[in-house]
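Work through these exercises with the model open beside you. Try each task before you read its solution.

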Amino acid sequence: MGQFVIKDTSNGGFKFDLKAGNGEIIASSQIYKSEASCKAGIESVKVNALAPVEDQTVENFEVLKHPKYEVYTDKAGEFRFRLKAKNGEIIATSEGYKAKASALNGIASIGKNAPEAKVEKIEA
């Protein structure tokens, strides 16, 4: 089962990582100003974990309404995804992947792990 891990950042903020059952990081958050807003971000990921995927790597892709995952290619040519909430805010991002299938597997892993994932805070 997955797990959200909240960490203090060096500048006094908070961020989370969603880890799969094997400990691999599936997605990470932005930096939040408070622990409460970080926890709200986690709840948003849980609620939106099964959002549809907008594949921005293909020509003439269909633009979907929020919430959604956006799969795109970064400047280095790697595939990434971001999960956007109903209000269009980015609530989770991935690492870069060499293959689009790996990015899509990451999205599927969020859908599988996030809804029931426990939340743990790591003290610095």
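**Exercise 1. A helix and its cover**

How many residues does helix H2 have, and how far does H2 reach from its first C-alpha to its last? Then find its buried residues and what covers them.

Solution. Keep in mind that this is a predicted model.

Step 1. Helix H2 covers residues 100–113 and has 14 residues. H2 reaches 20 Å from its first C-alpha to its last. That is close to the 20 Å expected at 1.5 Å a residue.

Step 2. Look for the buried residues of H2. They are Ala 103, Gly 106, Ile 107, Ser 109, Ile 110, Gly 111 and Asn 113. An α-helix has 3.6 residues a turn, so residues three or four places apart point the same way.

Step 3. Now find the cover. It includes S2, S3, helix H1 (35–48), S4, S5 and strand S6 (79–84).

**Exercise 2. A residue in strand S3**

Is Ile 26 buried or exposed? List what it touches.

Solution. 

Step 1. Ile 26 is in strand S3, residues 25–28.

Step 2. Read its accessibility. Ile 26 has a relative accessible area of 5%. The cut-off for buried is under 20%, so Ile 26 is buried.

Step 3. Collect the contacts, leaving out residues up to four places away in sequence. Ile 26 touches Leu 18, Lys 19, Ala 20, Phe 81, Thr 93, Ser 94, Tyr 97, Gly 106, Ser 109, Ile 110 and Asn 113.

Step 4. Take Ser 109 from that list. Ile 26 and Ser 109 are 83 residues apart along the chain. Their C-alpha atoms are separated by 7.2 Å.

**Exercise 3. The partners of strand S1**

In which sense does S1 pair with S2, and in which sense with S8?

Solution. 

Step 1. Start with S2. S1 and S2 pair in the antiparallel sense, over six bridges. Here Gln 3 stands opposite Lys 19 in S2.

Step 2. Check the link between these strands. S1 and S2 form a hairpin with five residues between them. In the turn, Gly 12 has a positive phi of about 85 degrees.

Step 3. Turn to S8. S1 and S8 pair in the parallel sense, over five bridges. The bridge partner of Gln 3 in S8 is Lys 118.

**Exercise 4. Salt bridges**

How many salt bridges does the model have? Describe three of them.

Solution. 

Step 1. A side-chain nitrogen of Lys or Arg must lie within 4 Å of a carboxyl oxygen of Asp or Glu. By this rule the count is twelve.

Step 2. Take Asp 17 and Lys 7. Their side chains form a salt bridge at 2.9 Å, N to O. Asp 17 sits in strand S2 (residues 14–19) and Lys 7 in strand S1 (residues 3–8), ten residues apart. Asp 17 is buried at 2% relative accessible area, whereas Lys 7 is partly exposed at 32%.

Step 3. Take Lys 121 and Asp 8. The closest N and O atoms of this salt bridge are 3.7 Å apart. Lys 121 lies in strand S8 (residues 118–122) and Asp 8 in strand S1, so the pair ties together parts that are 113 residues apart in sequence. Lys 121 is partly exposed at 28% relative accessibility. Asp 8 is partly exposed too, with 30%.

Step 4. Take Glu 54 and Lys 68. Their side chains meet in a salt bridge at 2.7 Å, N to O. Glu 54 lies in strand S4 (residues 53–55) and Lys 68 in strand S5 (residues 68–73), so this pair ties together parts 14 residues apart in sequence. Glu 54 is buried at 2% relative accessible area, and Lys 68 is buried at 4%.

Step 5. Widen the view. Glu 54, Lys 68, Glu 70, Arg 82 and Lys 84 are linked in a network of salt bridges.

Key: Residues are numbered from 1 along each chain as its sequence is written. This is a predicted model: local features need pLDDT of at least 70, side-chain atom pairs count only at pLDDT 80 or more; totals for chains, interfaces and linings use all residues. Side-chain values use heavy atoms; hydrogens and water are left out. Helices (H or I, at least four residues) and strands (E, at least two) are DSSP runs, numbered from the N terminus. Buried means under 20% relative accessible area, exposed over 50%, partly exposed in between (1.4 Å probe, protein chains only). Contact means heavy atoms within 4.5 Å. The expected span of a helix is 1.5 Å times one less than its number of residues. Two strands pair if DSSP finds at least two bridges between them.
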